[in-house]
Amino acid sequence: MVKSLPATPGTNFPQLPLTVPHAACEPATSLLSRLAARNGAVSMQRFCGDIAFPIDPLFRGEKVAIEQLAQLAGCDLGALEWVSIRHLGKGHFRLREEFASLQSFQRTRIRVCPECIRSEMSSAAESWSVQRRLQWKFSSIRSCPEHSCMLMSLPTEKFHKDARDFAAQLRKHHVWILDQPVVQATPSPFEAYLTNRTLSGRGDRWIDRLELNVASRACEVLGLRIAKGPDAALAGHSEPDWMTYGSLGYDTLKDGPVALSNCLADMARVDVVDGRFFGRLFGPRMAWLKSRSLGDEFEPLRDVVRRHVFDNFSVRKGVLVLGVPSEGMASSNPQKSVSLKGFAKRNAKDLVYRGLATREASGDIVPMSFVTQGMLDAFEREKKNFRNAKRSPEGRKSRTFVVDETNPARESRLSIGDAAGQLRVTAKTVGYLIQHGMLCGVDTSEQYRRGAIVVTADSLTRF
């Protein structure tokens, strides 16, 4: 154990000649880093080693370490605890009564507002003058409302312990920050809500009762579905795009579960979307809610989506919808069935034969409830390709009967492979049928390899 330096009366730490004021939005880790820079330490690690301060417990958010830092800096303990994050282990964190996950924070990269750095830090030697805002740590907050610009991530560090030293990072990359172009960004109501919630606490609305990581990510994924449709992927989007998606989703979720259910219903009424299959309809949102990485804190959100599915979609009994089996009660389907027209209507009897349509008592042929327009298009392509192959000479020779061109009088013959394809069995089965006299096999050793057998067309037809 490293021994501490001589302490002043009434304290556990040596008298420090220089201190820094604690800002209302500054977490404990940033305050410790600025203290180290203010007193000329090379790094926060070296500073804590010199005064025997427990740095790792502070980064875990332990109460005793925060109390010691408040005593060291001479600041209000309650204000410091209010904006300090506690690590609960296994990728879970707590900010006061708020619960968050590993994906909620930028832990290995430091993000800053370049305009805040320019206005508060005149030189690299004054890195202690800029406090790290708590909201800069959150992944869903990507802009600075004061300067209407995007936050920027500092270059990555080789060691994580270096990346978490805020003041040292500002001192190291000060010139680089000043050289970066400023990307303008319109202030977002979604980000304003998250900032106010992290600094002031929860409200009384339904979205406030959701955990912080649930509310933030739910707005972004819902906005992605609204903006990009059911085929959108969760990855591959830029930071400005996620800002837009978050605002779109927040416009709905801020009004509660009824607004969310109405939004899901509107998705089913869009003509270009097949609204009878909820998994395909809700796209990235349903895939996200089904992820095993989401904990029990997402259950209130899952429950709203699950109840909407049970009330508006016909789901077979026992089918799991977000982890809960359906009771099998058929609901009124708001989506109209596809209609038969064009090629599908002219070949409606084939659809009935294949089980894709049914004939009603009136004599009309209607498609089954599960049939989509894509299935009808595939049916049309299959029929047309089959007809074209049947008409072409190459198709007749390759997949139907082959006539010996040297002697047209001879009987039409079919190879064992083609005979197996016609009967939809294996070549071994065709050999068994020839062996037992059910098909007529002809030896063609004089024309092909020794032992080659073909099947006569007449015997195949009789069979």
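## Charges over rings

In this predicted model, the charged end of Arg-38 lies over the ring of Trp-128, at 3.9 Å from the ring centre.

## Aromatic pairs

A pair of aromatic rings is described by the distance of the centres and the angle of the planes. The count of aromatic pairs is three. One of them joins Trp-242 and Tyr-245 in an edge-to-face arrangement, with 5.5 Å centre to centre and 90 degrees between the planes. Both residues belong to helix 13 (residues 239-253), where they are three residues apart, about one turn of the helix. Trp-242 and Tyr-245 are both buried.

Ring pairs also connect Phe-190, Tyr-193 and Tyr-250 into a cluster.

## Cysteines

The number of disulfides is zero. For Cys-25, the nearest cysteine sulfur belongs to Cys-116 and is 9.3 Å away. Cys-25 counts as buried because its relative accessibility is 15%, and the limit for buried is under 20%.

Cys-144 is likewise in no disulfide; its nearest cysteine sulfur, that of Cys-113, is 3.6 Å away. With a relative accessibility of 6%, Cys-144 counts as buried.

## Salt bridges

Side chains of opposite charge can pair when their charged atoms come close. The structure contains 21 salt bridges. In one of them, Arg-118 meets Glu-115, with the closest N and O atoms 3.4 Å apart. Both lie in helix 6 (residues 114-120), three residues apart, about one turn of the helix. Arg-118 is partly exposed at 30% relative accessibility, and Glu-115 is partly exposed at 26%.

Helix 17 (residues 299-312) holds Asp-303 and Arg-307, four residues apart, about one turn of the helix. Their side chains form a salt bridge at 3.0 Å, N to O. Asp-303 counts as partly exposed, with 30% relative accessibility; Arg-307 also counts as partly exposed, with 43%.

Arg-306 forms a salt bridge with Glu-299, the closest N and O atoms being 2.9 Å apart. Is Arg-306 buried or exposed? Its relative accessible area is 5%, so Arg-306 is buried. Glu-299, by contrast, is partly exposed, at 32%.

A network of salt bridges links Arg-111, Arg-142, Arg-217, Glu-220 and Glu-239.

How values were computed
Residues numbered from 1 in each chain as written. Predicted model: local features only at pLDDT ≥ 70, side-chain atom pairs only at ≥ 80, totals over all residues. Heavy atoms only, no water. Phe/Tyr/Trp six-rings, centres within 6.5 Å; stacked < 30°, edge-to-face > 60°. Helix = DSSP H or I, 4+ residues; strand = E, 2+ residues; numbered from the N terminus. Buried < 20%, exposed > 50% of the residue type's maximum accessible area, 1.4 Å probe, protein only. Lys NZ or Arg CZ within 6 Å of the ring centre and 35° of its normal. Disulfide = S-S within 2.5 Å. Salt bridge = Lys/Arg side-chain N within 4 Å of Asp/Glu carboxyl O.
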